[in-house]
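The exercises below ask the reader to work through a structure step by step, each with its own solution. Please have the sequence and the three-dimensional view at hand before starting.

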Amino acid sequence: MAHGLNVYKADGSLGFSTADVTWQTVAQFTVAANATVANTYSEIAGMTVIAQRQLVNVPPNAQEDYVPNVAVSNNSQTITVSPQSGLSSSQCIIHVLAQDT
Amino acid sequence: MAYGFEAKNDSGNIIINDTIENLHFIGKATRGSADSAYGDIPNYSGSNDTLDGRVVHTYTITCSGTPVAFIKPADYARWHSIIKQSVSGTTWTFEVMISGTSTSNPPDVYCFVNADDIPTPSETHGMLVFKSDGTSKTFDSRRQPLAITGGGTASAPPSDPTNTSGTPGTTSGHPWNYATNDHDFRSSNRYTEHSNSAANTSTAMFSCPSLAQACYKRQMHGFHQSCICYIFGWCACGYQDHWSTASWWVMYRQAFRFRSGKFDSGWTGYAAGYAFSSAYESGGWFGGGGGSYSSGTMPYTAKTINLQSNAYILADSSRYD
């Protein structure tokens, strides 16, 4: 490349460069069963944000495990996690990722 | 910015800065036990006995942060998903379900953690970027940063996870002791596809937790009424009723599959069972008991839950080998 940044692995091969695209990690937090949580991250204002949900410690064959809803609002700065309407929710890991687009 | 560090990619988008942490590769999770089951409906033989089967592999990795896990299939024809993630101290455990019953060709689980929580590398050279507090890292070139190749929104799979059109239900009016399943509980053609140029069947890996679940049952009630005794061709002693119930159930979890240029969101059966009961009312001298049999308990009443879309991320595993 004419200019930019290359990061090489120990064996000399290219590992990462400014030709790449990535998701940066903003936060990870665990939401308790049936809880509602709203977290705001001012540093990701205007970015593309995704929040992955992973159920935790759930016996996968013994109960109805409802995943909570996730909403991104406030110019992508606020992540709100809440139970689905009328349903209890299971404990869940939320992984917030952001991408400058 | 007045000071700090910022690197933009060829599109002018920030990929490293001093405020948001990058994800870095910390290694592949260690594979442990495997549980293979449900190539067919337990304790039943007959029509529509065959299921897709599933293997649950257990993986562990130790790290102080919360890992983002990518599944790299070894057999791209099979469906894969992380169905459970738990932590004890700093040891994370993943249960990865794949379709089929063969424990050969298990997938690899590549784990990425935020820069500040990566294990301290032994290398003494590299580039580190810190936040304004001067101690929290956002980037560390000594551990390979995550570069993605694609992704998007994975739509939920079809609500009905079963190959036979329409979800199974309960019917009556069958002959007594009738137990022939007429519903194909396999899921091989039940998926939602997503076109993505980064999807391939050689080095692609994905991160997308399994959200949707489903549980469905086919149930058949049988009935027969017999005459207890005849006198001159006339049913003189009343009638005796016979009842039977046969039921087959399967529980499903959302799973994913790569094809060339496609990322599919579908289903794999996680558990299954069969129950049969038969009884008849007392018939005096001719009476007697009934019988019953069951395997497993259906975890909840028939329904599909968590039918929601979820973000998926694709990356090239060969960069981290």
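**Exercise 1: a sheet in chain A**

Chain A holds an open sheet of three strands in the order 4-7-6, with antiparallel pairing, where strands are DSSP runs (E, at least two residues) numbered from the N terminus and two strands pair if DSSP finds at least two bridges between them. This is a predicted model, in which local features need pLDDT of at least 70 and side-chain atom pairs count only at pLDDT 80 or more, while totals for chains, interfaces and linings use all residues. Residues are numbered from 1 along each chain as its sequence is written, and chains are lettered from A and ligands numbered from 1 in the order in which they are written.

Solution. Next, follow strand 4 of chain A to strand 7 (residues 78–82) of chain A, with which it pairs in the antiparallel sense over four bridges.

**Exercise 2: where the chains touch**

Task: find how many residues of each chain are in contact across the two chains, and which strand of chain A gives the most to the side that touches chain B.

Solution. Strand 2 (14–17), strand 3 (24–31), strand 5 (48–55) and strand 8 (92–99) of chain A each supply at least two residues of the side of chain A that touches chain B. Strand 5 of chain A gives the most to that side, with five residues. By class, the side of chain A that touches chain B has 18 nonpolar, 13 polar and seven charged residues, where Ala, Val, Leu, Ile, Met, Phe, Trp, Tyr, Cys and Pro count as nonpolar, Asp, Glu, Lys and Arg as charged, and the others, Gly among them, as polar. Finally, strand 3 of chain A and strand 3 (residues 21–28) of chain B pair in the antiparallel sense over two bridges, and in that strand of chain B the bridge partner of Q24(A) is N22(B). For the complex, the predictor gives an ipTM of 0.91 and a pTM of 0.92.

**Exercise 3: the form of chain B**

Task: compare the radius of gyration of chain B with that of a compact globule of 321 residues, and say where in chain B confidence is lowest.

Solution. Chain B has zero helices and 23 strands. Its radius of gyration is 27 Å, whereas a compact globule of 321 residues would have one near 20 Å; the value is taken over C-alpha atoms, and the globule rule is 2.2 Å times the number of residues to the power 0.38. Along the principal axes, the C-alpha atoms of chain B fill a box of roughly 105 × 40 × 35 Å. The pLDDT, which is the predictor's confidence in each residue from 0 to 100, averages 92 in chain B, and 97% of the residues score at least 70. Confidence in chain B is lowest in strand 21 (residues 291–295), at a mean of 75, and highest in strand 15 (residues 204–207), at 98.

**Exercise 4: buried or exposed?**

Task: decide whether N74(A) counts as buried or partly exposed, and do likewise for N306(B).

Solution. A residue is buried if 20 or more other C-beta atoms, placed from the backbone, lie within 10 Å of its own, exposed if 12 or fewer, and partly exposed in between. N74(A), in the loop between strand 6 and strand 7 of chain A, has a positive phi of about 60° although it is not a glycine. Because 14 other C-beta atoms lie within 10 Å, N74(A) is partly exposed. N306(B) also has a positive phi, of about 55°, without being a glycine, and lies in the loop between strand 22 (303–305) and strand 23 (310–316) of chain B. With 23 C-beta neighbours inside 10 Å, N306(B) therefore counts as buried.

Key:
Two residues are in contact if their C-beta atoms, placed from the backbone, lie within 7 Å.
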